[in-house]
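Here is a short briefing on one helix crossing and on the aromatic ring pairs. Keep the structure open while reading.

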Amino acid sequence: MRTPHPLPTALAGAAFTPAEARRAGVSASRLRARDLHNPFHGIHLSIAPASLRERCLAYLPLLVGGAYFSHQTGAALLGVPMPMTPDEGPLHVSVEFPRSPPRGRGVAGHSLGSLAGQVVDGLPVSSAAHVWCQLSGVLSREDLVAVGDHLIGARKRPALADIDELVVAADELRRTKGARARAWALPRIRPDADSRPETLLRLFLESRGYGDLEVNHPVPVGRRGVVLHPDLSIPERRLAFEYEGDGHRVERWQWHKDIERRELLEAEGWRVVRVTAHDLFGDRDAFAERLNRFVPNVAFEGAEGDIRHESRGA
């Protein structure tokens with residue numbers, strides 16, 4: 001098999017169309033060579049896209065004016081945590097009605113009654129508030145809250161939208177798919193959540209009657225001016241819930257840090273409930289039973305003063 005001729009410098013490593021190839025003197029037979037990749041109809045690349053962003057960049061020559069990456073693709077480009085990974089799925093691209101939605105291999109097109117966007121890292125992306133509304137037809141109500149929590153920001157994460165923008169967008173799109181999910185999620189969105197599991201844990205606890213939960217509420221500990229921020233807490237009862245993902249288990253420095261955090265809180269009279277992915281995503285019934293055994297539902301009458309610590313047994 002003969003080695004294909006090198007591409008012109010202007011085309012090497014970039015996405016190009018057949019028309020651009022012809023103008024650069026590349027023959028039709030060269031475009032059929034096996035060293036070129038075709039992630040979309042009418043797009044050629046000498047290097048296969050290795051990430052979602054690279055796929056979006058490859059699609060740019062086909063993107064019409066006024067179109068935006070949207071839905072799951074827009075969420076991923078905004079860094080929004082979701083239960084699914086959009087890397088392998090089609091690119092979601094939206095235009096405003098009555099324009100026809102984009103068609104073609106590797107693309108899921110949408111024609112929407114209302115559309116607004118912004119440029120994110122060189123790519124046109126639907127506005128954060130509109131992405132939130134678009135996801136309401138795809139995600140569970142709980143995950144829609146988690147997306148909203150992420151968008152309105154936290155101590156170490158700037159906001160991509162404020163709650164008023166979400167309210168306005170939801171009202172504007174009140175007759176579209178997902179309206180009920182948006183209405184349920186909006187009043188449950190809270191600032192300062194650091195992760196999707198923290199939001200899902202909060203919703204689970206609230207569903208079991210744990211009221212007045214604070215998100216990353218500051219707690220001064222010790223005598224050195226140290227301030228900790230438990231994931232979730234009920235300060236008046238000195239009760240904290242800490243979600244521990246795999247990083248807390250396998251990273252040695254994180255493991256030691258978690259032990260120190262717990263000891264500092266306990267020294268101030270706090271009770272700390274450690275929650276794992278298995279508790280939240282695996283066996284919720286067992287987790288609920290553990291809560292009933294060691295942390296009686298504080299919303300129930302008679303729970304005060306009878307919250308036992310997990311480490312001390314039944």
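Helices H6 and H9 cross with right-handed geometry; right-handed means that the near helix is turned clockwise from the far one by less than a right angle. This is a predicted model: local features need pLDDT of at least 70, side-chain atom pairs count only at pLDDT 80 or more, and totals for chains, interfaces and linings use all residues. Residues are numbered from 1 along each chain as its sequence is written, and side-chain values use heavy atoms, without hydrogens or water.

**Helix crossing**
- The axes of H6 (residues 141–151) and H9 (residues 196–207) come within 9 Å and cross at roughly 125°.
- That angle makes H6 oblique to H9 (under 35 degrees is roughly parallel, over 145 roughly antiparallel, 65 to 115 roughly perpendicular, the rest oblique).
- On the H6 side, the contact (heavy atoms within 4.5 Å) uses Glu142, Asp143, Val145, Ala146 and Asp149.
- H9 contributes Arg196, Thr199, Leu200, Arg202 and Leu203.
- By class, this contact has five charged, four nonpolar and one polar residue.

**Aromatic pairs**
- There are four aromatic pairs, counted when ring centres of Phe, Tyr or Trp (its six-membered ring) lie within 6.5 Å.
- Tyr210 and Phe241 have ring centres 5.7 Å apart and planes at 85°, so they pair edge-to-face (over 60 degrees; under 30 is stacked, the rest tilted).
- Tyr210 lies in the loop between H9 and strand S6 (214–215), and Phe241 in strand S10 (residues 239–244), 31 residues apart.
- Both Tyr210 and Phe241 are buried (under 20% relative accessible area, with a 1.4 Å probe and protein chains only).
- Phe40, Tyr59 and Phe69 form a cluster through ring pairs.

Definitions and conventions. Axes are lines fitted to C-alpha atoms, for helices over the stretch in contact, and angles run from 0 to 180 degrees between N-to-C directions. Helices (H or I, at least four residues) and strands (E, at least two) are DSSP runs, numbered from the N terminus. Ala, Val, Leu, Ile, Met, Phe, Trp, Tyr, Cys and Pro count as nonpolar, Asp, Glu, Lys and Arg as charged, and the others, Gly among them, as polar. Buried means under 20% relative accessible area, exposed over 50%, partly exposed in between (1.4 Å probe, protein chains only).
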